[in-house]
Amino acid sequence: MSIQIDHAAKEFGALRVFQDIELEIGEREIVSVVGPSGCGKTTLLRCIDGLVPLTEGEIRVDGKKVVGPPQGVAVVFQHFGLFPWKTVYENVAYGLRLAKAPKQRIADAVPRYIEMVGLDGFEKAYPYQLSGGMQQRTGLARALAIDPHVLLMDEPFAAIDAQTREILQFELLRIWESRPMAMVFVTHSIEEAVLMGDRVVVLRGRPSSIHEVIETGLPRPRTRDVFSSPRFSEVREQVWGLLMHEAEQAERELQEVR
């Protein structure tokens with residue numbers, strides 16, 4: 001499934017969060033979205049998933065206008081979103097049960113995705129018994145178990161330590177290589193955006209809009225060697241320069257108000 005975003009804008013009362021968003025995401029493409037805090041990255045993601053309606057414009061998934069949560073779209077949130085009273089197995093099975101999937105499909109799919117994210121042996125564990133990284137693996141397995149064609153990632157690794165974060169980044173890339181799909185990856189980390197994306201979308205302004213779309217030009221599959229490549233450094237510095245300009249402008253505006 002591809003995603004088309006046409007002239008999208010969102011307002012909350014008098015606050016216009018973003019406007020004039022024009023973007024197309026291919027069915028086998030990872031697009032990273034970065035921008036300063038409050039620029040509407042998460043709101044845009046929720047609009048794609050049909051959880052929040054647009055004020056202007058439209059979003060289409062697989063050619064169909066989004067008016068509610070579309071079939072074939074899964075979301076992985078920053079704060080895991082697990083049910084504390086459910087085991088790993090039942091958390092992973094939740095989306096399938098909600099979709100009224102046949103029992104045999106659940107029995108086949110859940111163990112496969114638990115193993116895929118490296119949690120085999122923890123099927124009966126509860127979230128409080130898991131590390132942050134293991135909880136995020138559970139959330140990822142739950143999203144993948146519904147066999148999505150679009151995966152929306154809302155800063156999925158922000159709440160875990162740096163070492164685990166890097167491990168999960170490459171785990172996700174490995175899974176994506178085995179089953180490519182359209183992915184929108186929202187992050188505050190410039191390095192993560194460059195590592196994950198085929199393109200990096202930089203949001204800037206108040207209200208925000210797309211300031212620049214940068215092709216990373218990095219080969220796949222990606223390994224840790226990518227961090228030392230000249231192209232990785234070049235794109236990282238390009239994105240950093242754009243966001244630093246935004247931060248400096250915001251600081252100047254704040255000084256003027258004072």
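A nonpolar core is a set of buried Ala, Val, Leu, Ile, Met, Phe, Trp, Tyr and Cys residues joined through side-chain atoms within 4.5 Å. Buried means under 20% relative accessible area with a 1.4 Å probe, protein chains only. This is a predicted model, with local features needing pLDDT of at least 70, side-chain atom pairs counting only at pLDDT 80 or more, and totals for chains, interfaces and linings using all residues. Residues are numbered from 1 along each chain as its sequence is written, and side-chain values use heavy atoms, leaving out hydrogens and water.

**Cores**

The largest nonpolar core holds 54 residues. L140, L151, L172 and V239 have the most contacts inside it. Leaving aside neighbours within four places in sequence, L151 is in contact (heavy atoms within 4.5 Å) with residues including L140, L144, L172 and M183. A second, separate core has 27 residues, among them V73, L152, A182 and V186.

Helices are DSSP runs (H or I, at least four residues), numbered from the N terminus. Of the 14 residues of α4, 13 are buried, so the helix is largely enclosed by the rest of the structure. Just after α4, D147 takes a positive phi of about 60°.

The axes of α4 and α5 (lines fitted to C-alpha atoms over the stretch in contact, angles from 0 to 180 degrees between N-to-C directions) come within 11 Å and cross at roughly 20°. That makes the two helices roughly parallel (under 35 degrees).

| Helix | Residues | Residues at the α4–α5 contact |
|---|---|---|
| α4 | 132-145 | G133, Q136, R137, L140, L144 |
| α5 | 162-178 | T164, I167, L168, E171, L172, I175 |

Definitions and conventions: Buried means under 20% relative accessible area, exposed over 50%, partly exposed in between (1.4 Å probe, protein chains only). The expected span of a helix is 1.5 Å times one less than its number of residues. Angles under 35 degrees count as roughly parallel, over 145 as roughly antiparallel, 65 to 115 as roughly perpendicular and the rest as oblique.
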